[in-house]
Amino acid sequence: MDEPEPVEDWPDRPLSEPEAVDRVEDGIAVWVMDHESGVRSVAVPPDAPEDAVVDLVLETERAFEMYSYTRGEWLDYGTQRKDDEEAPPMAGTLESYRLLAGESETAE
């Protein structure tokens, strides 16, 4: 996997859940990870909203786009195409995430 790239048009802070929901306009579903308090205390700045989102997967018709807020900026961790038979299935990854918005083709 290539090095993650900064996302230029996202804020330089964690998204609130309503802001993450707005990302569904770019796809069909938005998945977020609910971190335990130990991880949140390190990853989420003190002035972030209580419902701060720091890990997000945007599901589109053709792929999964993975983003993470790290050290003060959003990073794009790449895209996994749904038709890539050599890639591991996203269902296992998404078990750690919660469907926040949209209608996923992966969710049961």
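Is Tyr67 buried or exposed? At 10% relative accessibility, Tyr67 counts as buried (buried means under 20% relative accessible area, exposed over 50%, partly exposed in between, with a 1.4 Å probe and protein chains only).

## About the model

Welcome! This is a predicted model, where local features need pLDDT of at least 70, side-chain atom pairs count only at pLDDT 80 or more, and totals for chains, interfaces and linings use all residues. Residues are numbered from 1 along each chain as its sequence is written, and side-chain values use heavy atoms, with hydrogens and water left out.

## Aromatic rings

The structure holds three aromatic pairs (rings of Phe, Tyr and Trp, the last by its six-membered ring, pair if their centres lie within 6.5 Å; planes under 30 degrees apart count as stacked, over 60 as edge-to-face and the rest as tilted). In one of them, the ring centres of Trp10 and Tyr67 are 4.5 Å apart and the planes stand at 35 degrees, so this pair is tilted. Trp10 lies in the loop between E1 and H1 and Tyr67 in strand E4 (residues 63-70), so the pair ties together parts that are 57 residues apart in sequence. Helices (H or I, at least four residues) and strands (E, at least two) are DSSP runs, numbered from the N terminus.

Trp10, Tyr67, Tyr69 and Trp74 form one aromatic cluster.

## Two exposed glutamates

Glu25 sits in the loop between helix H1 (17-22) and strand E2 (29-33), and its 70% relative accessibility makes it exposed. Glu3 belongs to the segment before strand E1 (5-6) and is exposed too, at 65%.
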